Amino acid sequence: MIATGRPYREALKDYAKSDLNYKWEPTSDEWKMYELIEPMLFAFAQVTTAFSAQAYPTANIFYRHIVSIKIALRKAIAHRNPTYKAMGEAMMEKFNKYWEEKNNVMVLATILDPRYKMFYIDWAFKELYDEDTAIDEISDVHVELEELFDKFDTAKKMAEKSTTPSSNICITSSSMPASDSAFQTHRRNTTTKSSKSELRNYLEDALEDPNPKFILLDWWKVNSLRYPVLSKMARRFLTIPASSVSSESTFSTGGRVLDDYRSSLKPAMVEALVCGASYIKGSHSDLNVMEKEEDDEENVETVKLPKSATNINY
């Protein structure tokens with residue numbers, strides 16, 4: 001709204017001069033304040049659009065919006081304008097209420113985006129924290145990333161071991177020598193170095209170009225053979241929604257509706273719940289009201305019996 005109204009600043013001034021009843025012309029100080037808060041409002045507009053999308057995008061985009069908001073609030077707090085500074089401090093207090101507690105789920109989802117990886121996290125933490133705190137936070141992210149990678153790598157190895165007997169049968173029945181079967185078993189049991197290099201290679205590879213048409217899930221689908229463990233991590237983290245309720249319901253007086261993107265209930269369960277609600281509602285019907293029979297005349301009124309008559313024990 002500010003961006004739309006700025007080009008009409010002189011027109012509003014001329015209109016105020018020609019129409020003495022016009023009392024809504026912004027003052028010069030108000031125009032300056034509008035221009036001052038516009039970057040902050042723009043950051044909030046972007047994050048609102050991203051978080052309230054019906055078809056949820058992948059979870060890697062959310063942390064970047066959170067970073068942009070916090071950077072905007074930090075700039076407001078450091079500003080010389082007392083009004084703008086007080087606004088930033090009040091908003092930062094509200095922001096920290098929800099985001100002060102450490103949660104690296106969105107950070108890990110951002111790392112799994114080949115356009116950003118740890119390069120973005122290193123830059124963002126240095127923008128958000130002081131130098132010492134940034135180093136500690138980055139170190140914690142590295143530790144958590146490696147622990148998660150080891151966890152998924154172990155699960156992958158266990159899954160491969162569970163299928164080892166059937167693969168051994170195929171090798172034995174083929175024309176391959178027996179030594180090859182022993183070698184394949186040895187190779188499967190000594191894949192630690194190659195697994196470790198998978199994470200290192202991913203983090204050290206060049207970043208993908210920030211193309212607006214870039215589809216992250218397609219990239220992981222193509223590169224799943226190159227990064228088998230990381231692709232499983234991406235499948236787990238990139239499906240996490242930022243919110244379980246649509247943001248637009250906050251500003252709506254209507255009832256909350258769970259669409260297909262936010263509800264995990266199967267159709268059979270929904271039908272069972274609707275039928276159950278109908279049965280419960282029917283069991284609480286007013287027994288004092290006599291329902292009109294189909295053969296009754298139209299001029300016969302429904303009679304409500306007194307409670308004393310319905311409570312008599314025969």
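What follows is a look at the helices, the aromatic pairs and one alanine of this chain.

The model is predicted, so local features are kept only at pLDDT of at least 70 and side-chain atom pairs only at pLDDT 80 or more, while totals for chains, interfaces and linings take in all residues. Numbering starts from 1 along each chain as its sequence is written, and side-chain values rest on heavy atoms, with hydrogens and water left out.

Of its 314 residues, 28% count as buried, meaning under 20% relative accessible area, with exposed set at over 50% and partly exposed in between (1.4 Å probe, protein chains only). Among contacts in the chain with a separation of 6 or more, 66% come from residues 24 or more positions apart, a contact being heavy atoms within 4.5 Å.

Helix α8 (residues 131–162) packs against helix α13 (residues 228–237) at about 110°, and their axes are 9 Å apart. That makes the two roughly perpendicular, the label for 65 to 115 degrees; under 35 is roughly parallel, over 145 roughly antiparallel, and the rest oblique. Axes here are lines fitted to C-alpha atoms, for helices over the stretch in contact, with angles from 0 to 180 degrees between N-to-C directions. On the α8 side the contact is made by L145, L148, F149, F152, D153 and K156, and on the α13 side by P228, V229, L230, K232, M233, R236 and F237. By class, this contact has nine nonpolar, no polar and four charged residues (nonpolar: Ala, Val, Leu, Ile, Met, Phe, Trp, Tyr, Cys and Pro; charged: Asp, Glu, Lys and Arg; polar: the others, Gly among them).

Turning to the rings, there are 12 aromatic pairs, where rings of Phe, Tyr and Trp (its six-membered ring) pair if their centres lie within 6.5 Å, with planes under 30 degrees apart called stacked, over 60 edge-to-face and the rest tilted.

Finally, A86 is found in helix α5 (residues 82–99) and is partly exposed, at a relative accessible area of 42%.

How values were computed
Helix = DSSP H or I, 4+ residues; strand = E, 2+ residues; numbered from the N terminus.
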